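Me: Could you take a close look at one part of this model for me, the place where the two chains meet? I would like the cut-offs along with the numbers.

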Amino acid sequence: MANPVLVVLQQREGGLHRMSREAIAAGQSVAETLGGSVEAVLLGEGLDAAVEEVSAFALAKFHVVEHEALASYTPGAYVGALVEVVDAVQPSVVVLPHTYQTVDFLGLLAQRVDAALVPEVTGFESADDGLLWERPVLGGKLTSKVAVRGGASVLVSVQSGSFSADGARSGEAPVERFALSADPEPDRELLGTEEVGGDQVDLSQAGMIVAVGRGIGDGEKMSVAEDLAEALGAELAASRPVIDNGWLPRDRQIGSSGQTVSPKLYVALGISGAIQHLVGMKGSKTVVAINRDPNAPIFSVADYGYVGDLHEFTPAFTTALREAADS
Amino acid sequence: MRIAVCIKQVPDTEARLRLRRDERWIDEEDVPFVINESDEYALEEALQLAEASEGEVVVFTLGPERAKEALRKALAVGADRAVHLRDDALEGGDASTTGAALARAIEREECDLVLTGSQSDDVGFGATGGVIAGHLGWPHAWLVMGVEVEEEGTARVVREMESGVNEIVRLRLPAVLEIQAGLNHPRYASLRGIMQAKKKELSEVGASDLDLAPEATGAAGALTEVVSVGFPESGEGAEILEGDAEVAARQLVERLRREAKVL
Ligand SMILES: Cc1cc2nc3c(=O)[nH]c(=O)nc-3n(C[C@H](O)[C@H](O)[C@H](O)COP(=O)(O)OP(=O)(O)OC[C@H]3O[C@@H](n4cnc5c(N)ncnc54)[C@H](O)[C@@H]3O)c2cc1C
Ligand SMILES: Nc1ncnc2c1ncn2[C@@H]1O[C@H](COP(=O)(O)O)[C@@H](O)[C@H]1O
């Protein structure tokens, strides 16, 4: 019998994180391919609501680790507890949701349990001697397939949207209270939280957005995008590097660490289309991408594309819009 | 305070990519290499912390001969010393082997703080800093947007979280801080800096200096192996508008009006 697949769930203040369900779906799918059962683990304190929700999934065991030192997340305490659970379960594969929280402790966990590590998995296939894990490299311009050697156990974090939460099978999960042998040791003191970027521009309601990427080349050259935004009646936004360079204020950033938008028209100028950007704009109705690299991943989510220099195309686009408005 | 900064040399994100013949990685010939973006911010943060404490900044990289250029640039920008983990046996590994080797090298230099970037722009594990922290037995934090060293041997650290909220935490020092892009404004090298860099110490270490057996590190020691890379299937993909900019722009306006009906 193959060793179990262990799914590490994420919660916040007792509510299950959206991506926990995707991780369960991924874990079930991996176990189906490998043979073997699926178990899950949830860490925290005051977990009754989340425990009830998880116990309605098809899991062979559901380990619940409650401890006051796990009440708020710290990598030290979480990894300490997870090492004990992994030692007890002896999983062949540990599946985690690829969230900021997971990435924060993933390297440390891999080091502690001496497992192979494959972060940001978007899919898998079976090969002769195990699974091949798919993950993006070079900002999503390429996909790589990764094998795990010598039958080592592996930690995989699954990227948002790669496994459908609706695919998670329901059933009955026997709850097992996991008793830790040592108290988990928090290695951080939480002092508070702060909103980023003061008086926020809310782009979530914008009907049209012109988004600028690093391909603009220089903050001084922003006027081509401003003119286009004006001709369209659109809001101006940007990818992260444009904001990091100080070319636009932080509250105009789109993506996983910025705003999530769903306008009817999204024009991406010189944006490559890294996953952290795409998660913020993939709900847009119509996407136009201008990029001089025909292989830029942004084209795979765009409806219309132009391969070429944005500094030539953008003024032409603005002129064409103005002409069309006049006619 | 002696601050270690881990910098990685990666292909410029603007580079056009071709696959290597074995289709396990890109063909690196003619590809311009640069310092990984978040590592530039880590270096700047280290320089500022060192300036405030009369400290020293030591940069580390693990990579082939070309990676020396990244170290030289870091020295020109203001780092005091550089250590090059240069050994074919160390190459081709993953976050676990690279992190283990870097941790050994950092230990030899007796550093008080380690700064890394948050994610490399090529393989993007986001994990090497955590592995280093595990080996050193130090606390760590990923996605750091602010660092203040406090008198009590602690640091007040601002961490980025999803959806526009930062978390403020306190960590015991020594620690490993994985710096996120955007927390400062990296300085440029001055001509004087470039001249001075030529006189600064740049040492090389190999696997044996780090007490790492060749079969336990790099490609041979890694538990993972990239078996192939390829261009992703683009799904439906975009309709690519042909012609020069003016023709294509007029077509686009037409499509947005009549097909997509968004204008
Ligand atoms: C934890 C984390 C969170 C992140 N959060 C976000 C986020 O919220 N939002 C975000 O956007 N990113 C985020 N990122 C960064 C993300 O990974 C990418 O690095 C970033 O999105 C790339 O921005 P870009 O496309 O503008 O730049 P690049 O990837 O450098 O792309 C520039 C593009 O412009 C094209 N180009 C260059 N010149 C021209 C020209 N003259 N004409 C036309 N095209 C041209 C190039 O071909 C290239 O495709 C995050 C990263 C991490 C690690
Ligand atoms: N080969 C390397 N040499 C020096 N530092 C590295 C190397 N690989 C990774 N790092 C550091 O670890 C960070 C995270 O890298 P990664 O885990 O590959 O995403 C990078 O931003 C670097 O600071």
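Reply: Happy to! Between chain A and chain B there are eight salt bridges, a salt bridge being a side-chain nitrogen of Lys or Arg within 4 Å of a carboxyl oxygen of Asp or Glu. One of them links A:Glu189 with B:Arg170, whose closest N and O atoms lie 3.8 Å apart.

A word on conventions: this is a predicted model, in which local features need pLDDT of at least 70 and side-chain atom pairs count only at pLDDT 80 or more, while totals for chains, interfaces and linings use all residues. Residues are numbered from 1 along each chain as its sequence is written, chains are lettered from A and ligands numbered from 1 in the order in which they are written, and side-chain values use heavy atoms, with hydrogens and water left out.

Strands also meet here: E13 of chain A (residues 189–195) runs antiparallel to E9 of chain B (residues 165–172), with six bridges joining them; strands are DSSP runs of at least two residues, numbered from the N terminus, and two of them pair if DSSP finds at least two bridges between them. Within this pairing, A:Thr193 stands opposite B:Glu167.

As for the whole interface, 80 residues of chain A are in contact (heavy atoms within 4.5 Å) with 84 residues of chain B. The two chains bury about 6900 Å² between them, 57% of it on carbon and sulfur atoms; buried area is the accessible area (1.4 Å probe) that two parts lose on being put together, summed over both.

Technical notes. Helix = DSSP H or I, 4+ residues; strand = E, 2+ residues; numbered from the N terminus.
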